[in-house]
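Q: Can we go through this model together? I'd like to start with a salt bridge and then move on to helix packing.

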Amino acid sequence: VVGESGEIREGAEASKRETETVVMPGLINCHTHIGDYAFKDQGMRLSLEDLVKSPTGLKHRLLSRATPGELLKGMAAAEREMVACGTTSFLDFREQGLPGILLFRKAVTKIQGLAYGRPQGPEGDLSREIRELLGVADGIGLDRVSAYKQDHLKTVREAASRKMVAVHVSEAHWRSGEIELAVDSLGSDILVHLTHTKRAEIRMIAEKERKAAVCPRCNISLGLGVPPIDRLIDEGVQV
């Protein structure tokens with residue numbers, strides 16, 4: 001296969017044969033939580049809040065109880081699965097502050113993994129915590145804007161001015177003003193999920209040139225609905 005400037009220009013016609021092999025660009029997964037792989041699929045019958053809300057959700061209780069060795073083993077298994085599926089790059093929301101980022105760096109060795117760190121909370125010196133995280137992280141990944149006051153969201157954006165910020169929005173249901181806070185106050189570069197988003201909000205996301213990371217399989221598995229992928233694309237959002 002001959003490639004040029006990112007495009008396949010010609011194939012080796014003389015060697016065509018029946019095969020199950022597929023030649024394609026590497027897949028990029030723009031939203032993962034590979035720390036959860038240590039307890040994959042546990043709690044799938046729970047509500048989203050009972051499953052993932054910080055700090056009381058099941059996943060956060062399991063993360064706090066897991067040993068570094070268990071988390072490292074799970075992350076390495078997640079990377080192996082991505083390699084087997086043709087994924088060459090991924091963007092991970094890494095909980096657990098600085099230790100979580102350092103564990104991620106140790107686990108991910110075969111493909112390109114971007115670690116988006118998460119501050120422990122708005123209490124304390126949030127600006128300093130963001131700067132410390134960004135000393136080792138590739139960006140900041142927040143669980144939801146509702147966990148922060150508006151001035152805290154602006155603090156995150158200012159402290160992370162030279163790196164990307166991402167946040168979960170409109171995952172389980174629509175909240176008035178949530179998209180505006182994510183786009184304007186936080187200045188989030190990537191909006192994750194957008195399962196329940198109105199057309200006017202989608203237009204605003206497009207106008208502000210924000211990117212969307214949609215997770216249809218995850219949303220459907222948790223009974224949350226299906227993200228409006230067609231409308232996002234139609235309005236010009238990079239999905």
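Q: What do the side chains of E81 and K40 form?
A: They meet in a salt bridge, 3.4 Å from N to O. The term covers a side-chain nitrogen of Lys or Arg within 4 Å of a carboxyl oxygen of Asp or Glu.

Q: Which parts does the pair tie together?
A: E81 lies in helix α3 (residues 68-84) and K40 in the loop between β3 (27-32) and α1 (48-52), so the pair links parts 41 residues apart in sequence. Helices (H or I, at least four residues) and strands (E, at least two) are DSSP runs, numbered from the N terminus.

Q: Before we go on, what sort of model is this?
A: This is a predicted model: local features need pLDDT of at least 70, side-chain atom pairs count only at pLDDT 80 or more, and totals for chains, interfaces and linings use all residues. Residues are numbered from 1 along each chain as its sequence is written, and side-chain values use heavy atoms, with hydrogens and water left out.

Q: How accessible is E81?
A: E81 has 36% relative accessibility, so it counts as partly exposed. Buried means under 20% relative accessible area, exposed over 50%, and partly exposed in between (1.4 Å probe, protein chains only).

Q: And K40?
A: K40 is partly exposed, at 42%.

Q: How many salt bridges does the count come to?
A: The count comes to 13. Among them is D189 with R157, where the closest N and O atoms are 3.1 Å apart.

Q: Where do D189 and R157 lie?
A: D189 is in the loop between α7 (178-185) and β8 (190-193), and R157 is in helix α6 (residues 150-159). R157 is buried at 18% relative accessibility.

Q: Which residues do shared partners join into one network?
A: Salt bridges that share partners join D36, K59, E95 and R118.

Q: New topic. At what angle do α3 and α4 pack?
A: At about 50°, with the axes 9 Å apart. α4 covers residues 97-107. Axes are lines fitted to C-alpha atoms, for helices over the stretch in contact, and angles run from 0 to 180 degrees between N-to-C directions.

Q: Which residues make the contact?
A: P68, L71, L72, M75, A76 and E79 of α3, and L103, F104, K106 and A107 of α4. Contact means heavy atoms within 4.5 Å.

Q: Last one: where is T87, and what does it touch?
A: T87 is in strand β4 (residues 87-94). T87 touches L27, N29, M82 and I111, not counting residues up to four places away in sequence. At 10% relative accessibility, T87 is buried.
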